[in-house]
Amino acid sequence: MHHFDYRGDELYCEDVPLAEIARAVGTPTYIYSHATLERHYRVFDEALAGQRHLICYSVKANSSLAILRTLFALGAGADIVSRGELHRVLLAGGDPAKVVFSGVGKREDELEAALRAGILAFNVESHGELLAIDRVAGRLGVRAPVSLRVNPDVDAQTHPYISTGLKKNKFGISADAAREEYRLARSLAHVTVVGIDCHIGSQLTRTAPFSDAIARVAELARELCADGVELKLLDVGGGLGIPYRDDGEAPPSPAEYGQAIRDAVAPFAGLDLTVVCEPGRVIVGNAGVLLTRVLYLKEGGEKNFTIVDAAMNDLIRPAFYDSYHAIRAVRRDAAAAVWTTDVVGPICETGDFLARDRELQCVPPGELLAVMSAGAYGFTMASNYNTRPRPAEVLVRGDRFAVIRRRETLDDLVRGEELPDLLAPRG
Ligand code: LLP
(Lines give C-alpha, C1' and ligand atoms only; values in the text may rest on other atoms or scores of the structure.)
Protein backbone atom coordinates (compact mmCIF):
# COMPACT_ATOMS: atom_id res chain seq x y z
CA MET A 1 0.00 0.00 0.00
CA HIS A 2 1.35 3.40 -0.91
CA HIS A 3 0.19 6.88 -1.81
CA PHE A 4 1.46 7.17 -5.40
CA ASP A 5 -1.70 7.03 -7.51
CA TYR A 6 -3.18 8.44 -10.67
CA ARG A 7 -5.80 11.15 -10.42
CA GLY A 8 -7.27 11.29 -13.86
CA ASP A 9 -4.17 10.72 -15.94
CA GLU A 10 -1.70 12.46 -13.66
CA LEU A 11 0.48 10.56 -11.20
CA TYR A 12 0.35 12.06 -7.72
CA CYS A 13 2.19 11.56 -4.47
CA GLU A 14 -0.52 12.10 -1.87
CA ASP A 15 -2.14 15.39 -2.98
CA VAL A 16 0.79 16.68 -5.04
CA PRO A 17 1.22 16.03 -8.78
CA LEU A 18 4.71 14.63 -9.43
CA ALA A 19 4.97 16.97 -12.42
CA GLU A 20 4.70 19.94 -10.06
CA ILE A 21 7.69 18.68 -8.06
CA ALA A 22 9.68 18.19 -11.27
CA ARG A 23 8.90 21.81 -12.24
CA ALA A 24 10.02 23.13 -8.85
CA VAL A 25 13.00 20.89 -8.10
CA GLY A 26 14.07 19.38 -11.41
CA THR A 27 15.02 15.77 -12.11
CA PRO A 28 16.22 13.20 -11.21
CA THR A 29 14.61 13.47 -7.77
CA TYR A 30 13.66 11.00 -5.09
CA ILE A 31 10.16 11.64 -3.76
CA TYR A 32 8.89 10.15 -0.51
CA SER A 33 5.37 10.00 0.89
CA HIS A 34 5.01 10.85 4.57
CA ALA A 35 1.61 9.15 4.84
CA THR A 36 3.06 5.93 3.40
CA LEU A 37 5.95 5.96 5.86
CA GLU A 38 3.55 6.44 8.75
CA ARG A 39 1.25 3.76 7.51
CA HIS A 40 4.00 1.21 6.98
CA TYR A 41 5.44 1.85 10.41
CA ARG A 42 2.06 1.55 12.13
CA VAL A 43 1.08 -1.64 10.26
CA PHE A 44 4.40 -3.23 11.19
CA ASP A 45 4.05 -2.13 14.80
CA GLU A 46 0.48 -3.43 15.03
CA ALA A 47 1.56 -6.76 13.54
CA LEU A 48 3.59 -7.34 16.70
CA ALA A 49 0.88 -6.23 19.13
CA GLY A 50 0.72 -8.50 22.16
CA GLN A 51 4.44 -9.25 21.96
CA ARG A 52 6.82 -6.87 23.77
CA HIS A 53 8.89 -5.43 20.96
CA LEU A 54 11.07 -2.60 19.76
CA ILE A 55 11.30 -1.56 16.12
CA CYS A 56 14.85 -0.53 15.28
CA TYR A 57 14.49 0.91 11.78
CA SER A 58 17.44 -0.17 9.63
CA VAL A 59 19.04 3.15 8.74
CA LYS A 60 20.97 1.83 5.75
CA ALA A 61 17.74 1.50 3.76
CA ASN A 62 17.19 5.26 3.75
CA SER A 63 19.16 7.48 6.08
CA SER A 64 17.91 10.96 5.17
CA LEU A 65 17.44 13.02 8.31
CA ALA A 66 13.83 13.89 7.53
CA ILE A 67 12.95 10.23 7.00
CA LEU A 68 14.65 9.33 10.28
CA ARG A 69 12.85 12.16 12.08
CA THR A 70 9.51 10.95 10.72
CA LEU A 71 10.11 7.41 12.02
CA PHE A 72 11.56 8.50 15.36
CA ALA A 73 8.44 10.62 15.93
CA LEU A 74 6.44 7.40 15.63
CA GLY A 75 8.56 5.73 18.30
CA ALA A 76 11.14 3.91 16.20
CA GLY A 77 14.63 3.10 17.38
CA ALA A 78 17.45 2.44 14.92
CA ASP A 79 19.66 -0.34 13.62
CA ILE A 80 22.98 1.21 12.61
CA VAL A 81 26.13 -0.14 10.98
CA SER A 82 28.55 2.77 11.15
CA ARG A 83 29.56 5.85 13.06
CA GLY A 84 28.11 7.91 10.24
CA GLU A 85 24.70 6.34 10.75
CA LEU A 86 24.97 6.98 14.50
CA HIS A 87 25.71 10.64 13.71
CA ARG A 88 22.59 10.82 11.56
CA VAL A 89 20.44 9.15 14.20
CA LEU A 90 21.55 11.61 16.88
CA LEU A 91 21.11 14.61 14.55
CA ALA A 92 17.58 13.47 13.70
CA GLY A 93 16.66 13.25 17.38
CA GLY A 94 16.76 9.46 17.76
CA ASP A 95 16.96 7.94 21.23
CA PRO A 96 20.37 6.26 21.69
CA ALA A 97 18.79 3.89 24.21
CA LYS A 98 16.84 2.42 21.26
CA VAL A 99 19.86 1.91 18.99
CA VAL A 100 21.43 -1.43 18.08
CA PHE A 101 24.77 -1.50 16.26
CA SER A 102 25.26 -4.32 13.71
CA GLY A 103 28.02 -5.07 11.20
CA VAL A 104 31.08 -7.31 10.90
CA GLY A 105 33.72 -4.58 10.84
CA LYS A 106 33.18 -2.05 13.61
CA ARG A 107 36.29 0.07 14.17
CA GLU A 108 37.40 1.09 17.67
CA ASP A 109 36.49 4.74 17.09
CA GLU A 110 33.01 3.55 16.13
CA LEU A 111 32.72 1.37 19.23
CA GLU A 112 33.81 4.31 21.35
CA ALA A 113 31.31 6.73 19.79
CA ALA A 114 28.47 4.25 20.34
CA LEU A 115 29.52 3.62 23.96
CA ARG A 116 29.65 7.34 24.62
CA ALA A 117 26.20 7.76 23.10
CA GLY A 118 24.82 5.00 25.35
CA ILE A 119 23.28 2.61 22.82
CA LEU A 120 21.00 -0.31 23.68
CA ALA A 121 23.20 -3.11 22.33
CA PHE A 122 26.10 -4.07 20.09
CA ASN A 123 25.26 -6.99 17.84
CA VAL A 124 28.64 -8.70 18.02
CA GLU A 125 29.71 -10.66 14.97
CA SER A 126 33.07 -12.21 15.96
CA HIS A 127 35.42 -13.22 18.74
CA GLY A 128 37.79 -10.40 17.87
CA GLU A 129 35.02 -7.83 18.02
CA LEU A 130 33.92 -9.04 21.45
CA LEU A 131 37.44 -8.51 22.77
CA ALA A 132 37.66 -5.10 21.09
CA ILE A 133 34.40 -4.00 22.72
CA ASP A 134 35.66 -5.11 26.13
CA ARG A 135 38.91 -3.23 25.57
CA VAL A 136 37.28 0.02 24.47
CA ALA A 137 34.63 -0.12 27.22
CA GLY A 138 37.42 -0.72 29.76
CA ARG A 139 39.25 2.33 28.49
CA LEU A 140 36.12 4.43 28.97
CA GLY A 141 35.34 2.86 32.34
CA VAL A 142 31.90 1.56 31.26
CA ARG A 143 30.25 -1.79 30.54
CA ALA A 144 29.13 -2.47 26.99
CA PRO A 145 25.74 -4.13 26.42
CA VAL A 146 26.15 -6.94 23.90
CA SER A 147 24.07 -9.44 21.95
CA LEU A 148 25.86 -12.05 19.88
CA ARG A 149 24.74 -12.33 16.29
CA VAL A 150 24.16 -16.00 15.67
CA ASN A 151 24.41 -17.31 12.15
CA PRO A 152 21.58 -19.86 12.13
CA ASP A 153 22.65 -21.48 8.85
CA VAL A 154 19.26 -20.96 7.21
CA ASP A 155 18.77 -20.37 3.49
CA ALA A 156 16.81 -17.14 3.13
CA GLN A 157 16.04 -17.97 -0.52
CA THR A 158 16.75 -14.51 -1.77
CA HIS A 159 19.40 -12.94 -4.04
CA PRO A 160 22.82 -14.35 -3.03
CA TYR A 161 24.27 -10.86 -2.50
CA ILE A 162 21.70 -10.11 0.21
CA SER A 163 21.51 -13.53 1.82
CA THR A 164 23.36 -13.44 5.14
CA GLY A 165 22.29 -16.41 7.26
CA LEU A 166 24.31 -19.24 5.76
CA LYS A 167 27.51 -20.63 7.25
CA LYS A 168 29.38 -19.58 4.13
CA ASN A 169 28.36 -15.92 4.64
CA LYS A 170 30.66 -13.55 6.52
CA PHE A 171 27.99 -12.66 9.06
CA GLY A 172 27.56 -13.70 12.69
CA ILE A 173 28.91 -16.53 14.80
CA SER A 174 27.87 -20.16 14.34
CA ALA A 175 25.54 -21.56 17.00
CA ASP A 176 28.27 -23.83 18.37
CA ALA A 177 30.87 -21.11 18.59
CA ALA A 178 28.26 -18.78 20.09
CA ARG A 179 27.99 -20.94 23.24
CA GLU A 180 31.72 -20.54 23.73
CA GLU A 181 31.61 -16.79 23.05
CA TYR A 182 28.75 -16.29 25.50
CA ARG A 183 30.87 -17.97 28.19
CA LEU A 184 33.71 -15.63 27.31
CA ALA A 185 31.42 -12.58 27.25
CA ARG A 186 30.19 -13.36 30.76
CA SER A 187 33.74 -13.48 32.02
CA LEU A 188 34.77 -10.12 30.57
CA ALA A 189 34.94 -7.21 32.98
CA HIS A 190 33.53 -4.54 30.68
CA VAL A 191 30.78 -6.38 28.85
CA THR A 192 27.22 -7.17 29.89
CA VAL A 193 25.32 -9.80 27.92
CA VAL A 194 21.86 -8.42 27.11
CA GLY A 195 20.61 -10.45 24.16
CA ILE A 196 20.90 -12.67 21.15
CA ASP A 197 20.59 -11.60 17.52
CA CYS A 198 20.22 -12.94 14.00
CA HIS A 199 19.53 -11.58 10.50
CA ILE A 200 19.29 -13.96 7.57
CA GLY A 201 18.85 -11.72 4.56
CA SER A 202 16.82 -9.12 2.77
CA GLN A 203 13.82 -9.07 0.42
CA LEU A 204 12.54 -12.35 1.88
CA THR A 205 9.34 -13.47 0.24
CA ARG A 206 8.44 -16.41 2.49
CA THR A 207 8.00 -16.64 6.24
CA ALA A 208 9.45 -20.15 6.65
CA PRO A 209 13.13 -19.08 6.72
CA PHE A 210 12.33 -16.46 9.39
CA SER A 211 10.47 -19.02 11.48
CA ASP A 212 13.32 -21.53 11.17
CA ALA A 213 15.98 -18.98 12.08
CA ILE A 214 14.06 -17.58 15.03
CA ALA A 215 13.28 -21.05 16.32
CA ARG A 216 16.98 -21.99 16.22
CA VAL A 217 18.07 -18.80 17.90
CA ALA A 218 15.30 -18.96 20.51
CA GLU A 219 16.33 -22.53 21.32
CA LEU A 220 19.86 -21.35 21.94
CA ALA A 221 18.45 -18.51 24.04
CA ARG A 222 16.66 -21.05 26.20
CA GLU A 223 19.86 -23.02 26.73
CA LEU A 224 21.76 -19.90 27.65
CA CYS A 225 19.08 -18.82 30.10
CA ALA A 226 19.15 -22.27 31.69
CA ASP A 227 22.90 -21.67 32.08
CA GLY A 228 22.17 -18.46 33.97
CA VAL A 229 22.68 -15.91 31.17
CA GLU A 230 20.16 -13.10 31.56
CA LEU A 231 18.92 -12.37 28.06
CA LYS A 232 16.53 -9.47 27.63
CA LEU A 233 16.59 -8.95 23.87
CA LEU A 234 15.81 -11.36 21.06
CA ASP A 235 16.77 -9.48 17.91
CA VAL A 236 15.25 -11.09 14.81
CA GLY A 237 16.87 -8.75 12.28
CA GLY A 238 15.11 -7.30 9.26
CA GLY A 239 14.48 -8.63 5.80
CA LEU A 240 10.76 -8.72 5.12
CA GLY A 241 10.27 -8.36 1.36
CA ILE A 242 8.00 -5.95 -0.49
CA PRO A 243 6.12 -6.15 -3.81
CA TYR A 244 8.14 -4.57 -6.64
CA ARG A 245 5.86 -5.60 -9.49
CA ASP A 246 2.43 -4.35 -10.41
CA ASP A 247 1.28 -7.90 -11.15
CA GLY A 248 -0.18 -8.80 -7.77
CA GLU A 249 3.09 -10.28 -6.44
CA ALA A 250 2.47 -10.72 -2.71
CA PRO A 251 5.28 -11.28 -0.24
CA PRO A 252 4.15 -12.08 3.31
CA SER A 253 2.22 -9.22 4.90
CA PRO A 254 3.56 -7.67 8.10
CA ALA A 255 0.64 -9.43 9.85
CA GLU A 256 1.81 -12.84 8.61
CA TYR A 257 5.39 -11.97 9.49
CA GLY A 258 4.30 -10.80 12.97
CA GLN A 259 2.41 -14.03 13.46
CA ALA A 260 5.46 -16.05 12.44
CA ILE A 261 7.55 -14.20 15.01
CA ARG A 262 4.93 -14.64 17.73
CA ASP A 263 4.64 -18.36 16.95
CA ALA A 264 8.41 -18.87 16.96
CA VAL A 265 8.81 -17.02 20.24
CA ALA A 266 5.72 -18.46 21.99
CA PRO A 267 7.45 -21.57 23.40
CA PHE A 268 9.88 -19.22 25.14
CA ALA A 269 7.28 -16.99 26.78
CA GLY A 270 8.81 -17.75 30.20
CA LEU A 271 12.00 -15.99 29.15
CA ASP A 272 10.38 -12.55 29.15
CA LEU A 273 12.22 -11.31 26.07
CA THR A 274 11.74 -8.09 24.16
CA VAL A 275 11.71 -8.87 20.44
CA VAL A 276 13.83 -6.38 18.51
CA CYS A 277 13.08 -6.04 14.78
CA GLU A 278 15.31 -4.26 12.26
CA PRO A 279 13.04 -3.58 9.27
CA GLY A 280 14.31 -1.31 6.53
CA ARG A 281 12.86 -1.99 3.11
CA VAL A 282 9.35 -2.84 4.27
CA ILE A 283 9.05 0.59 5.90
CA VAL A 284 10.57 2.83 3.20
CA GLY A 285 10.74 0.81 -0.04
CA ASN A 286 7.31 1.54 -1.39
CA ALA A 287 7.23 4.99 0.21
CA GLY A 288 9.56 6.41 -2.43
CA VAL A 289 9.92 6.83 -6.19
CA LEU A 290 12.68 8.13 -8.40
CA LEU A 291 11.34 10.78 -10.75
CA THR A 292 13.21 11.08 -14.02
CA ARG A 293 12.83 12.89 -17.33
CA VAL A 294 13.05 11.27 -20.73
CA LEU A 295 15.94 12.74 -22.76
CA TYR A 296 15.89 10.77 -26.00
CA LEU A 297 14.26 7.79 -27.65
CA LYS A 298 16.32 5.44 -29.78
CA GLU A 299 14.22 3.06 -31.75
CA GLY A 300 14.18 0.69 -34.61
CA GLY A 301 17.34 -1.36 -34.07
CA GLU A 302 17.37 -4.67 -32.29
CA LYS A 303 16.08 -2.83 -29.23
CA ASN A 304 14.23 0.29 -28.29
CA PHE A 305 15.86 2.55 -25.75
CA THR A 306 14.26 5.19 -23.56
CA ILE A 307 17.18 7.31 -22.39
CA VAL A 308 16.40 9.13 -19.16
CA ASP A 309 18.27 11.55 -16.90
CA ALA A 310 18.50 9.09 -13.97
CA ALA A 311 21.16 6.40 -14.04
CA MET A 312 22.80 3.57 -12.17
CA ASN A 313 24.63 6.07 -9.98
CA ASP A 314 21.24 7.29 -8.74
CA LEU A 315 19.58 3.86 -8.39
CA ILE A 316 21.98 0.94 -8.63
CA ARG A 317 19.59 -1.90 -7.77
CA PRO A 318 18.73 -2.95 -11.35
CA ALA A 319 22.40 -2.96 -12.39
CA PHE A 320 23.65 -4.61 -9.21
CA TYR A 321 21.01 -7.23 -8.45
CA ASP A 322 19.15 -7.28 -11.76
CA SER A 323 16.20 -6.17 -9.67
CA TYR A 324 12.85 -5.16 -11.06
CA HIS A 325 11.28 -1.77 -10.45
CA ALA A 326 7.90 -0.95 -11.96
CA ILE A 327 7.99 2.20 -14.12
CA ARG A 328 5.03 4.48 -14.62
CA ALA A 329 4.40 7.34 -17.00
CA VAL A 330 3.72 10.45 -14.92
CA ARG A 331 1.19 11.54 -17.55
CA ARG A 332 -0.79 8.51 -18.56
CA ASP A 333 -2.09 8.55 -22.11
CA ALA A 334 -4.41 5.75 -23.17
CA ALA A 335 -4.04 6.86 -26.80
CA ALA A 336 -0.23 6.65 -26.78
CA ALA A 337 1.59 3.73 -28.36
CA VAL A 338 2.81 0.96 -26.08
CA TRP A 339 6.22 -0.46 -26.89
CA THR A 340 8.89 -2.70 -25.46
CA THR A 341 11.88 -0.70 -24.37
CA ASP A 342 14.96 -0.66 -22.18
CA VAL A 343 14.97 2.33 -19.85
CA VAL A 344 18.59 3.41 -19.59
CA GLY A 345 20.65 6.23 -18.13
CA PRO A 346 23.47 8.38 -19.54
CA ILE A 347 26.31 6.42 -17.88
CA CYS A 348 28.95 4.82 -20.05
CA GLU A 349 28.24 1.22 -19.07
CA THR A 350 25.98 -1.34 -20.66
CA GLY A 351 24.91 -2.25 -17.12
CA ASP A 352 23.38 1.20 -16.75
CA PHE A 353 19.72 0.34 -17.03
CA LEU A 354 16.66 0.89 -14.85
CA ALA A 355 14.51 -1.60 -16.75
CA ARG A 356 15.00 -4.03 -19.60
CA ASP A 357 12.53 -5.23 -22.22
CA ARG A 358 9.75 -3.40 -20.47
CA GLU A 359 6.33 -2.98 -22.02
CA LEU A 360 5.62 0.66 -21.45
CA GLN A 361 3.69 3.60 -22.79
CA CYS A 362 5.97 5.33 -25.28
CA VAL A 363 6.84 8.52 -23.39
CA PRO A 364 8.40 11.24 -25.55
CA PRO A 365 11.46 13.34 -24.67
CA GLY A 366 10.73 16.03 -22.10
CA GLU A 367 8.14 13.95 -20.27
CA LEU A 368 8.46 12.21 -16.94
CA LEU A 369 8.69 8.65 -15.67
CA ALA A 370 8.46 7.43 -12.09
CA VAL A 371 10.62 4.48 -11.07
CA MET A 372 8.53 2.90 -8.36
CA SER A 373 9.53 1.27 -5.04
CA ALA A 374 12.78 3.21 -4.90
CA GLY A 375 12.56 4.41 -1.29
CA ALA A 376 14.88 1.71 0.10
CA TYR A 377 18.51 1.31 -0.98
CA GLY A 378 17.97 4.01 -3.58
CA PHE A 379 19.58 7.23 -2.45
CA THR A 380 21.68 5.46 0.19
CA MET A 381 23.46 3.50 -2.54
CA ALA A 382 23.78 6.45 -4.91
CA SER A 383 27.24 7.56 -6.00
CA ASN A 384 28.89 10.29 -8.03
CA TYR A 385 30.05 7.94 -10.78
CA ASN A 386 30.61 9.76 -14.08
CA THR A 387 30.85 12.89 -11.88
CA ARG A 388 27.10 13.14 -11.69
CA PRO A 389 25.54 15.07 -8.81
CA ARG A 390 23.39 12.90 -6.58
CA PRO A 391 19.67 13.64 -6.89
CA ALA A 392 17.55 15.92 -4.77
CA GLU A 393 15.16 14.37 -2.26
CA VAL A 394 11.66 15.64 -1.55
CA LEU A 395 9.18 14.70 1.17
CA VAL A 396 5.46 15.08 0.47
CA ARG A 397 2.94 15.47 3.26
CA GLY A 398 -0.65 15.94 2.14
CA ASP A 399 -0.75 18.86 -0.27
CA ARG A 400 2.66 20.20 0.75
CA PHE A 401 6.16 19.18 -0.17
CA ALA A 402 9.65 20.14 0.92
CA VAL A 403 13.15 19.53 -0.36
CA ILE A 404 14.85 17.41 2.31
CA ARG A 405 18.15 17.30 0.46
CA ARG A 406 19.09 19.72 -2.25
CA ARG A 407 20.56 18.44 -5.45
CA GLU A 408 24.36 18.35 -5.35
CA THR A 409 26.14 21.19 -7.11
CA LEU A 410 29.29 21.22 -9.20
CA ASP A 411 31.13 22.50 -6.11
CA ASP A 412 29.83 19.55 -4.09
CA LEU A 413 31.28 17.24 -6.71
CA VAL A 414 34.88 18.39 -6.08
CA ARG A 415 34.57 19.20 -2.35
CA GLY A 416 37.62 18.03 -0.40
CA GLU A 417 39.82 17.62 -3.44
CA GLU A 418 43.22 19.30 -3.66
CA LEU A 419 45.68 20.21 -6.39
CA PRO A 420 48.84 19.98 -4.24
CA ASP A 421 52.13 21.77 -4.85
CA LEU A 422 53.84 18.53 -5.79
CA LEU A 423 51.97 18.74 -9.08
CA ALA A 424 53.88 21.90 -10.02
CA PRO A 425 56.58 21.40 -12.66
CA ARG A 426 59.98 20.79 -10.99
CA GLY A 427 61.87 24.03 -11.31
N1 LLP B 1 19.54 -5.76 9.84
C2 LLP B 1 20.71 -6.10 9.31
C3 LLP B 1 21.77 -6.63 10.18
C4 LLP B 1 20.93 -5.96 7.93
O5 LLP B 1 22.10 -6.30 7.40
C6 LLP B 1 19.89 -5.45 7.11
C7 LLP B 1 20.09 -5.28 5.68
C8 LLP B 1 18.67 -5.09 7.72
C9 LLP B 1 18.53 -5.27 9.09
C10 LLP B 1 17.51 -4.53 6.96
O11 LLP B 1 17.02 -5.40 5.99
P12 LLP B 1 15.67 -5.04 5.21
O13 LLP B 1 14.54 -5.07 6.21
O14 LLP B 1 15.80 -3.71 4.60
O15 LLP B 1 15.57 -6.11 4.21
N16 LLP B 1 21.06 -3.18 -0.96
C17 LLP B 1 20.21 -4.36 -0.98
C18 LLP B 1 19.75 -4.75 0.39
C19 LLP B 1 20.88 -4.96 1.39
C20 LLP B 1 20.42 -5.34 2.75
C21 LLP B 1 21.55 -5.28 3.72
N22 LLP B 1 21.18 -5.54 5.07
C23 LLP B 1 19.04 -4.11 -1.93
O24 LLP B 1 18.98 -3.04 -2.52
O25 LLP B 1 18.21 -4.98 -2.13
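In which hand does α3 pass α4? The model in which this is asked is a predicted one, and the crossing of α3 past α4 is right-handed. Helix α3 covers residues 65–73 and helix α4 covers residues 83–91. Their axes come within 9 Å and cross at roughly 60°. An angle counts as roughly parallel under 35 degrees and as roughly perpendicular from 65 to 115, and α3 and α4 are therefore oblique to each other. On the α3 side the contact is made by L65, L68, R69 and F72, and on the α4 side by R88, V89 and L91. By class, five residues of this contact of α3 with α4 are nonpolar, two are charged and none is polar.

The crossing of α2 past α9 is right-handed. Helix α2 contributes V43, F44 and A47 to the contact, while α9 contributes P254, A255, Y257, G258 and R262. Six of the residues in the contact of α2 with α9 are nonpolar, one is polar and one is charged.

Helix α7 passes α8 in a right-handed crossing. From α7, the residues A175, A178, R179 and Y182 meet L220, E223 and L224 of α8. This contact of α7 with α8 divides into five nonpolar and two charged residues, with no polar ones.

Next comes the division of the chain into domains. Domain 1 is assigned to two stretches, 4–31 and 286–412, and domain 2 to residues 103–277. Taken over C-alpha atoms, the centres of domain 1 and domain 2 are separated by 36 Å. How many residues of domain 1 are in contact with domain 2? Ten residues of domain 1 are in contact, and they face nine residues of domain 2. The size of an interface is often given as the accessible area lost when the parts come together. For domain 1 and domain 2 the buried area is about 910 Å², of which 53% is on carbon and sulfur atoms. N286, Y321 and Y324 supply 52% of the area that domain 1 buries against domain 2, more than any other three residues.

The peptide bond from T27 to P28 is cis, with omega near -10°. P28 sits in the loop that joins α1 (18–25) to β4 (29–33). The other detail concerns E14, which is not a glycine and yet has a positive phi of about 50°. E14 lies between β2 (10–13) and β3 (16–17), in the loop there.

Terms used:
Residues numbered from 1 in each chain as written. Predicted model: local features only at pLDDT ≥ 70, side-chain atom pairs only at ≥ 80, totals over all residues. Heavy atoms only, no water. Left-handed = near helix turned anticlockwise from the far one by under 90°. Helix = DSSP H or I, 4+ residues; strand = E, 2+ residues; numbered from the N terminus. Contact = heavy atoms within 4.5 Å. Nonpolar A, V, L, I, M, F, W, Y, C, P; charged D, E, K, R; others polar. Axes fitted to C-alpha atoms, helices over the stretch in contact; angles between N-to-C directions. Parallel < 35°, antiparallel > 145°, perpendicular 65-115°, else oblique. Domains from an automatic or database assignment. Buried area = accessible area lost by both parts, 1.4 Å probe.
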